[in-house]
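Here is a short tour in questions and answers. Keep the sequence and the model open as you read.

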Amino acid sequence: MGKQLQAIRGMNDILPEQTPVWQYLEQQVRSVLSTYGYQEIRVPIVESSALFSRGIGSGTDIVEKEMYTFEDRNGDKLSLRPEATAGVVRAGIQQGLFYNQIQRLWTSGPMFRYERPQKGRYRQFHQISVEAYGMTGPDIDAEIIMMTARFWQKLGLTKHVTLELNTLGTIEARIRYREALVTYLRDYESELDDDSRRRLTINPLRILDSKDQNTQKIVAGAPELFDYLDEESQEHFAQLKQILDEAGVAYRVNPRLVRGLDYYGRTVFEWVTESLGAQGTVCAGGRYDALVEMLGGKPTPAVGFAMGIERLVLMLETLQLLPESVSNRVDVAVVAVGEGVGHRALPLVERLRDGLPELKILMNCGGGSFKAQMKRADRSGAAYALILGEDELGAGMVTVKSLRTDEAQQQLPIADVPGHLQKVL
């Protein structure tokens, strides 16, 4: 016998006992997105590799080291998407969604990056990505951030996350700052960590968020990006902060926050938490006004964010913030014992579902002894078992048995069962 096949490292099964938490999280987020008027868009998991090298930046860690890239049978170079925004922009350009239009979009699904797997960070991970196109002002930046704050409120996470905020200014401002930063860092080049020395020529702003302690000490004395901002960028940032202040959304300005993707400019933000041990990011985004044009479209302002589902699920579980209703438990299990009883019971159960569409009803299929079926009913977590035997069916009756309390079991006419279940459940 060959070696048992296993899931690829860093790519995990999400088992039935875990999916209710995912569904709860996704439902809460969807409901908030809907109230803000955002519409879902679904884009392919596989795209041309050039889309990501042009959009994310050929000098980023994602494109250099982390993408799953391959040639298909035609020799075309393709990649599993490492993030969603580039694909959404490609779709918007191709489908004519952007020009002279305003779009509020969201998408979700698996992303792929070849990283070292660790708790809450996997090679296949899942994100919800939210994007707004066609609006230049700080009001849409504020709306996006306030919407994320509402997510945390809805999920009970507000006191466990902190908003960090910064502005990267315009491209011209970043070019001026980049020159000053590189001039400063050249004096310490030999003391920088390996990644930072490599980034010094291809992406020096990323050195600002290096995790290397010695590099962090050097960066602490580096010029501040804010000092190189043009007046318009400063005003944009000031208005954003004013709106957040008036809305009561607390934040901390972090001048070292630059984000890992080349396409960001002006507003950038991250929601971070210490609830998972070391500080980690659970949601991040910003403004990317140049991205649509970089990918071949007309100039289109844009702002958005992505949040990792695995980390949020881990937070909800770790902090025990899940409502009791989040489970796979069914409400009613149907036990059918006797020759042909199961087949005759199925139409009755369908009528019960018609009358009580909100109930989760588990019908025993495949037969089994009374004892075995009752064990299955108990394992299902059902509050009640409906027991049907040949005698009950012949008399038009059902035995209703509580599986969680000492309540006495009783026989009821089949027609009375919906009303009884409505009272007790």
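Helices (H or I, at least four residues) and strands (E, at least two) are DSSP runs, numbered from the N terminus. This is a predicted model, in which local features need pLDDT of at least 70, side-chain atom pairs count only at pLDDT 80 or more, and totals for chains, interfaces and linings use all residues. Residues are numbered from 1 along each chain as its sequence is written, and side-chain values use heavy atoms, with hydrogens and water left out.

Q: How many helices and strands are in the protein?
A: Both kinds of run are present in the protein. The count is 15 helices and 16 strands.

Q: What radius of gyration does the protein have?
A: The radius is taken over C-alpha atoms, and the globule rule is 2.2 Å times the number of residues to the power 0.38. A compact globule of 425 residues would come out near 22 Å. The C-alpha trace spans about 90 × 60 × 45 Å along its principal axes. The protein's radius of gyration is 28 Å.

Q: Which place does Gln 239 have, and is Gln 239 buried, partly exposed or exposed?
A: Gln 239 sits in helix H9. Buried means under 20% relative accessible area, exposed over 50%, and partly exposed in between (1.4 Å probe, protein chains only). The relative accessible area of Gln 239 is 32%, so Gln 239 is partly exposed.

Q: How do H5 and H9 lie to each other?
A: Axes are lines fitted to C-alpha atoms, for helices over the stretch in contact, and angles run from 0 to 180 degrees between N-to-C directions. The axes of H5 and H9 (residues 231–247) come within 9 Å and cross at roughly 40°. Angles under 35 degrees count as roughly parallel, over 145 as roughly antiparallel, 65 to 115 as roughly perpendicular and the rest as oblique. H5 and H9 are therefore oblique.

Q: Which residues of H9 make the contact with H5?
A: Contact means heavy atoms within 4.5 Å. On the H5 side are Pro 138, Asp 139, Asp 141, Ala 142, Ile 145 and Met 146. On the H9 side are His 236, Gln 239, Leu 240, Ile 243, Leu 244 and Ala 247.

Q: What is the hand of the crossing of H1 and H5?
A: The axes of H1 (residues 19–35) and H5 (residues 138–155) come within 10 Å and cross at roughly 135°. That makes H1 oblique to H5. A crossing is left-handed if the near helix is turned anticlockwise from the far one by less than a right angle, and right-handed if clockwise. The crossing of H1 and H5 is right-handed.

Q: Which residues of H7 does H6 meet?
A: The axes of H6 (residues 171–186) and H7 (residues 194–202) come within 10 Å and cross at roughly 140°. H6 passes H7 in a left-handed crossing. From H6 come Arg 178, Val 182, Leu 185 and Arg 186. From H7 come Leu 200, Thr 201 and Ile 202.

Q: Which residues is Asp 209 in contact with, leaving aside neighbours within four places in sequence?
A: Asp 209 lies in the loop between H7 and H8 (213–220). Arg 256 is 47 residues away along the chain, yet the two C-alpha atoms are separated by 6.2 Å. The contacts of Asp 209 are Arg 256, Val 258 and Arg 259.
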